[in-house]
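Below are my notes on the model, as numbered points. Please read them beside the coordinates.

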Amino acid sequence: MTKLTQTTEINRQIVLASRPFGAPTNENFEFVQTEKPTPKAGEILLRTIYLSLDPYMRGRMSDAKSYAEPVGINEVMVGGSVCRVEESNHADYQKGDWVVSFGGWQDYSISDGVDLLKLDNNLANPSYALGVLGMPGLTAYMGLLDIGQPKAGETVVVAAATGAVGSLVGQIAKIKGCKVVGIAGGAEKCQYALDTLGFDACLDHYSDNLAEQLASACNDGIDVYYENVGGKVFDAVLPLLNTSARIPLCGLISQYNSTELPQGPDRMFALMGNLLVKRIKMQGFIVFDDYGHRYNEFSEAMMQWIVDGKIKYKEHLVEGLESAVPSFIGLLKGENFGKLVVRVGPDSLS
């Protein structure tokens, strides 16, 4: 896709052209241009600077019943964004303010202020509000601490261990005194989990003997498994779960592009039997629905950990709105390394 520059009069948008069957392709998206919108009384015109790309967006491309409405055909793809206030007819917002919005894959959006989170205008890294200080951070914090309830000395396993959520889950578990075993895709990511994130072990999920390696690394079993992948990783985890283990469930990225049930025996009986006999708690959650009211609690804790050097954070930044489609397709294949963010336009005010 040709690189197109953000302008003052045109609103570039990426819309859903068709619903994917299996993995999304370029043909499922369309790049369109419209006039820049004009805010009415009480409204705010936002200019997108940073756009978050996240796995949940694949589910929103489907019209299957879910916790949120699907993106309509020819509608702008959904997504969280960090924006500048370009023009304001709202008393609480001034031109130049930094805000977190849900304006989607486009240059400009209109808000009435209800859905906005105002940021400190002096933030060194405003894009962090889409990652370590945003939805992924809140997901890691609440899922692990409220559902997982890790205790010092316990073993915590997390898949997608260098991703936006998993990297934070593992580090928070280390802060809480746990042994942390990560599972990631490739030697480079595993080495990063060990050297930078401070995990006790990290296993490559591409390995042929993942189950054996995991059993060796978790010689005392698994007390908390933070589930965001599913598939063969969960197959390796299930036999190692200890009595009273906890499984926070925030995603199943390995299954998002599936069009049929996996081959092999029915796993439901084994899962239900383990949940019963070992009294395992497995709980799904939708982070803003369930924990949005506790954002300030999370934000204060995470900011302090960052200041104290206890949390390391990696951002995978790509340039230009035209990069959103290939980057999102790559995200679902595990090609990103860190929190995936698109820089849509320049930081400076017009």
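**Notes on the model**

1. Phe199 lies in the loop that links helix H4 (187–195) to strand S10 (201–204); helices (H or I, at least four residues) and strands (E, at least two) are DSSP runs, numbered from the N terminus. This is a predicted model, in which local features need pLDDT of at least 70 and side-chain atom pairs count only at pLDDT 80 or more, while totals for chains, interfaces and linings use all residues. Residues are numbered from 1 along each chain as its sequence is written, and side-chain values use heavy atoms, with hydrogens and water left out.

2. Is Phe199 buried or exposed? Its relative accessibility is 5%, so Phe199 counts as buried (under 20% relative accessible area; exposed is over 50%, partly exposed in between; 1.4 Å probe, protein chains only). Beyond its neighbours within four places in sequence, Phe199 has contacts (heavy atoms within 4.5 Å) with Val158, Ala161, Gly166, Ser167, Gly170, Gln171, Val180, Gly182, Ala193 and Leu194. The C-alpha atom of Phe199 is 7.5 Å from that of Lys174, a residue 25 places away along the chain.

3. Helix H2 (residues 135–148) is mostly covered, with 11 of its 14 residues buried. Among the buried ones are Leu138, Met142 and Ile147. Gln149 follows H2 and has a positive phi, near 45°.

4. How do H2 and helix H3 (residues 166–175) cross? Their axes come within 9 Å and cross at roughly 45°; axes are lines fitted to C-alpha atoms, for helices over the stretch in contact, and angles run from 0 to 180 degrees between N-to-C directions. H2 and H3 are therefore oblique to each other (angles under 35 degrees count as roughly parallel, over 145 as roughly antiparallel, 65 to 115 as roughly perpendicular and the rest as oblique). Pro136, Gly137, Ala140, Tyr141, Leu144 and Leu145 of H2 make the contact with Leu168, Val169, Ile172 and Ala173 of H3. By class, the residues of this contact are 9 nonpolar, 1 polar and no charged; Ala, Val, Leu, Ile, Met, Phe, Trp, Tyr, Cys and Pro count as nonpolar, Asp, Glu, Lys and Arg as charged, and the others, Gly among them, as polar.

5. Strand S4 (residues 81–88) is also mostly covered: 6 of its 8 residues are buried. Strand S3 (residues 44–52) runs antiparallel to S4 and is joined to S4 by 7 bridges; strands pair if DSSP finds at least two bridges between them. Leu45 has Glu87 of S4 as its bridge partner.

6. S4 is also joined to strand S5 (residues 98–101), by 4 bridges and again antiparallel. Here Val82 is opposite Val100 of S5.
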